[in-house]
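Hi,

Here is the structure I promised to send over. Have a look first, and my notes follow below.

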Amino acid sequence: MSDLSDTAQEVHDDLSEHVDATVDDVEARLEKLVTEYKVPVDEARRSVENHYLDEAGLDRDDLAGGGGNDTVEVEDVDEAEQWVDITAKVVELWEPRSDSVGQVGLLGDPTGTIKFTKWAKSDLANLEEGKTYRLGNVVTDEYEGRYSVKLNKTTTIEEVDEEFEVGDNEDEVEGALVDVQSGSGLIKRCPEEDCTRVLQNGRCNEHGEVEGEFDLRIKGVLDDGTDVHEVIFDEEATEDLTDIGLEEAKQMAKDALDTTVVADEMRAKILGKYYRVTGPTFGRYVLANETTLLDDQPDPESVLIRARSM
Amino acid sequence: MSGAPTREVARRVFAAEFNDATFTFKESDDERAPLYALLPTGERSNRVFVAGTLTETEDIGEDSEYWRGRVVDPTGTFFVYAGQYQPEAASTLRDAETPTYVAVVGKPRTFETDDGSVNVSLRPESITMVDEAVRDRWVVEAAERTLDRVEAFDEEGNEYAERARAEYGEDLSAYRQAVLDALEDFDTEADVPADA
């Protein structure tokens, strides 16, 4: 009956903070229920736990984890349909797009950020931006490789006084910049509110012909010989990378009567060089937050040793 | 990740091996299917990335410009050809003052010479001027990737290694030697103090 002693050990560990019982005590109680009274192990475990909780004057909720969930950090969420507890700050609240959603937004802890959804029918108190909460019993979900947590009727919300810097789920990619794709350089975006689509020949896909607003962007490909990573550099990152700012780019285009000179000039400066880029991943793209030119002397020694030993 | 066509990785391969990759193939009958060169160390290659010294350029075109550049790495020479369909690369070759370090992204192409032998060349997507740091990093990287392929050559289920074995034989010693030459060359260079 090693099963029972394992169970006894688990029950003992769960309760040890609150209850003064030995593993043997626990096992004896389990044994009695299971072998004498033919109670299934799960039920026996429950019954024994309740006995000790009663004795200590405790509720089940007083146990750490509120019933056995794992307490996780944001970066650990990598599977859907898991019931977890999480302590996180409300980074942003977004406008719910559906009546069934009570609140939606972004939670963050030191390891990163994750979307949350609180169902309208969950009847939970509203979360406030900037405050930190301990959320018990939330469910993880996944959509196109991105994870989220959902608050539901059984979720517990407790505001806590914890200060931390919210981390960013950043990836790091490196390699040679082997391509600067079309749609790079000096581009025009649709000026309509909340529409930032890039214009094609002066036209926005959504709003038709519009007077565009200039922006800088590079869609590049980093290739390390094993994998390729598509990277987007926004205006600031593009200027960092190429030393060409928006005003200068506009002037270049004006002088040449052609916007494509900007991308050509940028290509000549950056193609074929090695970079390391860190930033969050959205879909296919890594958004460059920080870019480092890799121009230090490489060390051939370890490769040489490897080659000689083959 | 799903749906979008995946971009081909640019292989890192020394000239010594690249110029031996005379066997090309397609994975499907589709006319527009990508053309692959079969590398002797057992990998397919639809694109390569090369950094080396551009030593000579020459317009060998008859009616229109057709530029040939020689890009040299520690093991041999890549022949880069750019004509009217590669206008940026052609103009880079036209304007280049040799010798200079360049980085080339391009596609392997083969052609048969009059005497019936097959030559391998590089059709550039881009050629850019780079500095010595890029070239040095590339040499070490090409060495590593070559060793990766040599190591994987005998692995079971390595489809392209099997095909390479059938096409070129299984003696990879020349490519391992190319790696050693490239790195040892590098080693002595590094021992020479740089002019400060």
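Domain bounds here come from an automatic or database domain assignment. On that basis chain A splits into domain 1 (2-62), domain 2 (67-160) and domain 3 (171-293), and the C-alpha centres of domain 1 and domain 2 of chain A are 32 Å apart.

Some housekeeping: residues count from 1 along each chain as its sequence is written, and chains are lettered from A in the order in which they are written. It's a predicted model, with local features needing pLDDT of at least 70 and side-chain atom pairs pLDDT 80 or more, while totals for chains, interfaces and linings use all residues.

Now the chain pair. Counting a contact when C-beta atoms, placed from the backbone, lie within 7 Å, 31 residues of chain B touch 27 residues of chain A. On the chain B side, α3(B) gives the largest share, 11 residues (helices are DSSP runs of H or I, at least four residues, and strands of E, at least two, numbered from the N terminus). That side has 19 nonpolar, two polar and 10 charged residues (nonpolar: Ala, Val, Leu, Ile, Met, Phe, Trp, Tyr, Cys, Pro; charged: Asp, Glu, Lys, Arg; polar: the others, Gly among them).

Also in chain B, strands β5 (residues 67-73) and β6 (residues 76-82) run antiparallel, joined by seven bridges (pairing takes at least two DSSP bridges). A hairpin of two residues links β5(B) to β6(B), and Gly69(B) has Val80(B) as its bridge partner.

Cheers

Methods: Two residues are in contact if their C-beta atoms, placed from the backbone, lie within 7 Å.
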